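Thanks for coming. I will go through one model, and the slide comes up now.

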Amino acid sequence: MLTKKNFSPRQLAGFTAFFIALPVAAGIFLLKPLWWVFAAAFAMVMAGSYALILYTLQRFIYRKIKLIYKFIYQTKASKREEFYYKSLLPQKSIDEVSEDVEKWAEQKKKEIEVLKANEAYRKEFLQNLSHELKTPIFAIQGYVETLLTGAAENTEVSTKFLNNTSKNVSRLVNLLNDLDEITRLESGEQILYKENFVIQDLVREVFDSLFLLATKREIKLGLKKGCEAPIVVFADKEKIRQVLINLTDNAIKYGKTHGNVTASAYITDERHVLVEISDDGIGIAEEHIPRISERFYRTDAARSRKVGGSGLGLAICKHIIEAHGQSIHIRSKPDVGTSFGFILNAKKE
């Protein structure tokens with residue numbers, strides 16, 4: 001049932017004209033009590049009032065509403081839009097127009113919030129990038145200046161400073177390589193070369209390559225019991241190798257001395273395999289988990305920079321797994337440990 005709140009302009013004009021014509025025609029009928037006179041007067045007043053009221057509404061009210069719509073869509077009206085303004089818009093009730101404006105306002109509000117979030121993220125990223133670049137550059141500058149001011153004559157000191165300079169140069173190179181890698185991943189330029197391979201074999205290769213690093217921390221690397229049976233996955237082997245290296249390297253760096261880093265693989269269904277890298281280290285506080293895969297994000301800047309790394313490893317892992325159509329899942333508890341897991345497609349026949 002129609003209410004005064006949802007009248008369209010034509011309905012509003014019609015009802016208003018009816019209530020104007022009725023008393024006028026009734027007054028004329030009292031002066032000249034003929035039914036045909038009553039009907040004629042009612043019809044004439046009704047038609048005239050309807051046309052005048054509708055013209056007024058469309059001229060002075062919906063003309064303004066049309067301008068609002070043009071402002072909302074921020075475009076010069078096409079022929080289709082002109083048809084909409086002339087034919088469809090006048091059929092809308094004020095409530096419907098109000099809903100359209102509110103939807104537009106809500107959409108703009110969300111866009112502004114996203115822009116603000118992106119701006120804050122951009123500033124934080126540039127600040128972090130600047131810090132990551134300045135640290136090795138200033139170190140290199142200090143060593144070179146010291147050598148130029150006379151330390152080069154001391155063989156022992158110059159060798160030590162040159163070794164430190166070399167390490168910082170390597171850090172810069174690794175950082176730039178990681179930036180280049182993540183840029184290609186984010187732009188979608190990286191092509192995946194998928195193949196069938198046994199995930200446990202790849203895990204063992206990665207563990208072997210990081211054996212010395214784990215030995216220094218007295219951390220044991222191994223497959224979880226019950227996960228030794230070969231499981232074939234279909235993915236880009238070298239990209240997944242990079243993911244496993246980054247996750248294992250992270251687990252070693254933030255694992256506890258005499259601790260364990262464990263890999264596991266499970267067939268979740270006929271089409272997917274879950275792979276996890278777990279440690280029993282310092283863990284991650286809950287508030288950091290949603291952002292842990294962001295570029296340069298560190299839960300503890302001082303401790304993170306002390307253990308090294310570009311701060312891009314987890315971001316690269318995230319993009320590689322997303323390129324495979326999946327996402328990284330993180331489970332962690334402070335002083336208990338962390339598990340990074342991701343899904344891969346099972347063997348392709």
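I will take the core, then a helix pair, then a strand residue, then the aromatic rings.

This is a predicted model, where local features need pLDDT of at least 70, side-chain atom pairs count only at pLDDT 80 or more, and totals for chains, interfaces and linings use all residues. Residues are numbered from 1 along each chain as its sequence is written, and side-chain values use heavy atoms, with hydrogens and water left out. Helices (H or I, at least four residues) and strands (E, at least two) are DSSP runs, numbered from the N terminus.

The core comes first. A nonpolar core here is a set of buried Ala, Val, Leu, Ile, Met, Phe, Trp, Tyr and Cys residues joined through side-chain atoms within 4.5 Å; buried means under 20% relative accessible area, exposed over 50%, partly exposed in between, with a 1.4 Å probe and protein chains only. The largest such core has 43 residues, and the members touching the most others are Ile199, Ile240, Leu244, Leu247, Phe342 and Leu344. Elements that each supply at least two residues include helix H8 (237-253), H10 and strand S7 (337-346).

Take Leu247. Beyond its neighbours within four places in sequence, Leu247 is in contact (heavy atoms within 4.5 Å) with Ile277, Leu314, Cys317, Phe340 and Phe342.

Next, the helix pair. Helix H10 covers residues 313-323, and its buried residues are Leu314, Ala315, Ile316, Cys317, His319, Ile320 and Ile321. H8 and H10 pack at about 145° with axes 9 Å apart; axes are lines fitted to C-alpha atoms, for helices over the stretch in contact, with angles from 0 to 180 degrees between N-to-C directions. After H10 comes Gly325, with a positive phi near 85°.

Now strand S5 (residues 272-279), which holds Ser278. Ser278 counts as buried because its relative accessibility is 17%. Its contacts, apart from neighbours within four places in sequence, are Asn260, Val261, Thr262, Thr338 and Ser339.

Last, the rings. Rings of Phe, Tyr and Trp (its six-membered ring) pair if their centres lie within 6.5 Å; planes under 30 degrees apart count as stacked, over 60 as edge-to-face and the rest as tilted. That rule gives seven aromatic pairs. Phe29 and Phe38 have centres 5.9 Å apart and planes at 80°, so they are edge-to-face. Phe38 and Phe42 are stacked, because their centres are 6.3 Å apart and their planes at 20°. Ring pairs link Phe18, Phe19, Phe29, Trp35, Phe38 and Phe42 into a cluster.
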